[in-house]
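Open the model in your viewer and keep the selection tool ready. The stops below say what to pick and what to look for.

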Amino acid sequence: MAKQKLIPLISLKEGESGKIVEIRSGRGLRMRLTEMGFDKDSILTIIRKPGYGPIIVEVKGCCRIGLGRGEASKIMVEAE
Amino acid sequence: MMALSIALIGNPNTGKSTVFNSLTGKRQEVGNWPGKTVEKKTGRLRHGKVQADITDLPGTYSLSAYSTEELIARNFIVEDKPDVVVDIADASNLERNLYLTIQLLELGANVVIALNMMDVAKRRGFRIDVEKLSELLGVPVVPVIANKGTGMKELKETIMKSSRSKRQPLVIDYGADLEPKIKELEEHISKHAKNLAKKYGARWLAVKLIEHDSEITRKIEKADSDIYTEELREFTGKIGEMYGEDADIEIADKRYGYVNGIVKKTTKRIAENRVRRSDLVDSFITNQYLGIPVFLLLMFIMFQFVFLFAAPFVSIIESFIELLSISAADYLSAYPQWVSSFIVSGVIGGIGNVLVFLPNIALLFLAIAILEDSGYMARAAFIMDRIMSKIGFHGKAFIPLLLGFGCNVPAIMSTRTLDNERDRIAVILINPLVPCSARLVVFVFIAGVFFAPQIAGLVVWSLILLSLILVFALGYIFRRFLLPGPKSAFVIELPPYHVPTLKSVLIHMWQRTREFVFKAGTLIFIFAIILWFLASFPSGAEYGSAGSYIGQLGRLIEPVFAPLGFGWTGSVSLLFGFFAKEIVISSFAVLYNVSDESTLAQAMSLGWSSLQAYVFMVFVLIYTPCIAAIATIRQETKSWKWTAFAVIYAFALAWIVSYIVLNIGHMLGYS
């Protein structure tokens, strides 16, 4: 099975989706994201990505989470 | 008969407070959790002959030890052992909500699930087999639509019926790698920390140790100090080596795996409705070009609404206080002069000063409640995060600053929404620098006296600009040097937009306003009496005159203000302004011994140059806002130290900036 390339969530475009592989951040943020539904293998979709500032992400096909760009670059995904 | 104890728990934005309101009606009390700034709501439910005390636990995603809210919720369930824990779960977002549910089950809580927003779930194409869900989780599940009241009767009945159930803690299989470790730890804990094991359950404690839960680790270390330190630390160290830091993530993933299994067996998605109204609205509201203009427009409408509707109430209250003062003075004319003065100027004046703020404060609370319940507040934080992060703050910190233009009291109270304690204290400290409406009134009056009509507006505008510069500069300095720490991560849930219910926003407004009246109001009243005393004594002195204590105090501090050129009258009116800013003007009237505004204007313009007037306004802008704000700072920081700091730094800053402005004025050739 060919291994998909890991990319940070922030590099996805509006409308694109990715599957969470790992969160490369401190424990606090990683746990907080996990508790909010960013657990391993969850699907994320970029709903809005303005030219600057935070982005809006869909988690698990339901809720919308606003995410700072710094935070979004720590979440590593496989593009779907 | 003993009342039942019921706790409500759930993720944020699941309609928990709607369920709470509908279970308790008007029988509610709001306070704080002991020693915390997190709001605690309790209420009473009567069902037939049974009474129940309901505690609304803070909204939380989990029961770990990462936030105060989570700890409060967890400790309440463990220590107070409520008879029933009602878990409000969002049916349209089942997976994440059940993540909290199974943690409650692992704790052995007697859970009843209120599956809320069944209508939204249906609209989004989810079909949930409620019976199956209840069977798999082993607890009652009641489908409800809380904002329409659907299913609430069934929920009450189910709560009552299951109030006597006892449940064994749920055991989740954490896998071949972790399970032997958990077993080993469990045995150790049962042996060496018997009391803790009895209270929390040994397995639960073992899992928490593997999760590196700071609070539980501390508790166990304390319970068996000699044995733990060596043996156990070595043991958890080994687990740490196995998973790196990720043992907690491993456990979380296993929990999600368990939840996933249940969701798959109980939920079908028959239609995928990708385009949502909320997303369409968001494409305007969070738009990179439109976002800020829309935000400013909404805020403008909010302030217009507040001031427009508050004005008639304010004048009614003012006339009422005046009427009361006159009749009291009449009634008391037979008594010594100081008695009548105490009642009229001290007591009635003091109460009046709390009451006169009320319409503005209550309406601002109403506006905040509408913005919060509609889902807009989270978007405002989203929009402002980019700007706020430049000075080291979370996007949410902008709202309290903006509300300050209305009144600093509700603004300071609204800092409770900030999760980061450093952000919160810093925002409380800089909030008084935002000129509230009372100070704007002072500026408009003084600018009108000393400057030509064409430039008076510009003068006031320059003061607002100065305040914005100071807010951002001081915010940056405080957050960087006084309260240093990493910027809190920007992760915020954006709940779907919805029209708030009248009942819920009114309850919100009523509770906040009542809290202000009782908590801050008491302090304001005490300050008012002190001020009255200073202005009326020693006996024989005219109220607020040079002979009174406050007049003497003015003389005493006059040298402090001498370099700024305020003179004695200015110094005394600043002392009165400490009480409430609008009094600055009326105290001038007392000091100049004039009764109407036009003669006052004349008297003032003789005493000061326009530069001196401008410097005076700069001082009023920056120094301590009023005793209501001070009382609120004390209430929200729970610290006299921070309160004193807020007063002193503002005073020093006011002096320094005024001095600089004065000298710039001199350099430009004004006198």
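Contact here means heavy atoms within 4.5 Å. Keep in mind throughout that this is a predicted model.

**Stop 1: the cores**

Select B:Ile622. Leaving out residues up to four places away in sequence, B:Ile622 touches B:Leu433, B:Leu470, B:Ala650, B:Leu653, B:Ala654 and B:Val657. Now widen the selection to the largest nonpolar core, which has 116 residues. B:Ile622 is among the residues with the most contacts inside this core, as are B:Phe295, B:Leu433, B:Ile446, B:Phe516, B:Phe616 and B:Met617. Colour helix 28 of chain B, residues 610-622: with 11 residues, helix 28 supplies the largest share of the core.

Next, pick B:Val85, B:Leu115, B:Ala121 and B:Ile251. They belong to a second, separate core of 59 residues. In soluble globular proteins, nonpolar side chains tend to be buried together.

**Stop 2: the sheet of chain B**

Switch to a cartoon view. Seven strands of chain B form an open sheet, ordered 2-3-4-1-5-6-8, with mixed pairing. Which strands stand at the edges? Strand 2 (28-32) and strand 8 (141-143) of chain B do; each has a single partner strand, so one side of each is left without a neighbour in the sheet. From one strand to the next, the twist averages 25 degrees.

Zoom in on strand 2 of chain B. Its pairing with strand 3 of chain B (residues 39-47) is antiparallel and runs over five bridges. Find B:Asn32; opposite stands B:Glu39 in strand 3 of chain B.

**Stop 3: helix 23 of chain B**

Select residues 502-536 of chain B, which form helix 23. Helix 23 lies across strand 2 and strand 3 of chain B, at about 50 degrees to strand 2.

**Stop 4: chain A**

Move to strand 2 of chain A, residues 17-23. Strand 2 of chain A pairs antiparallel with strand 3 of chain A (residues 43-48) over three bridges, and A:Ser17 stands opposite A:Thr45. Strand 2 of chain A also pairs antiparallel with strand 6 of chain A (residues 75-79), over five bridges. End on A:Lys19, whose bridge partner in strand 6 of chain A is A:Glu78.

Key. Residues are numbered from 1 along each chain as its sequence is written. Chains are lettered from A and ligands numbered from 1 in the order in which they are written. This is a predicted model: local features need pLDDT of at least 70, side-chain atom pairs count only at pLDDT 80 or more; totals for chains, interfaces and linings use all residues. Side-chain values use heavy atoms; hydrogens and water are left out. A nonpolar core is a set of buried Ala, Val, Leu, Ile, Met, Phe, Trp, Tyr and Cys residues joined through side-chain atoms within 4.5 Å. Buried means under 20% relative accessible area, exposed over 50%, partly exposed in between (1.4 Å probe, protein chains only). Helices (H or I, at least four residues) and strands (E, at least two) are DSSP runs, numbered from the N terminus. Two strands pair if DSSP finds at least two bridges between them. Axes are lines fitted to C-alpha atoms, for helices over the stretch in contact, and angles run from 0 to 180 degrees between N-to-C directions.
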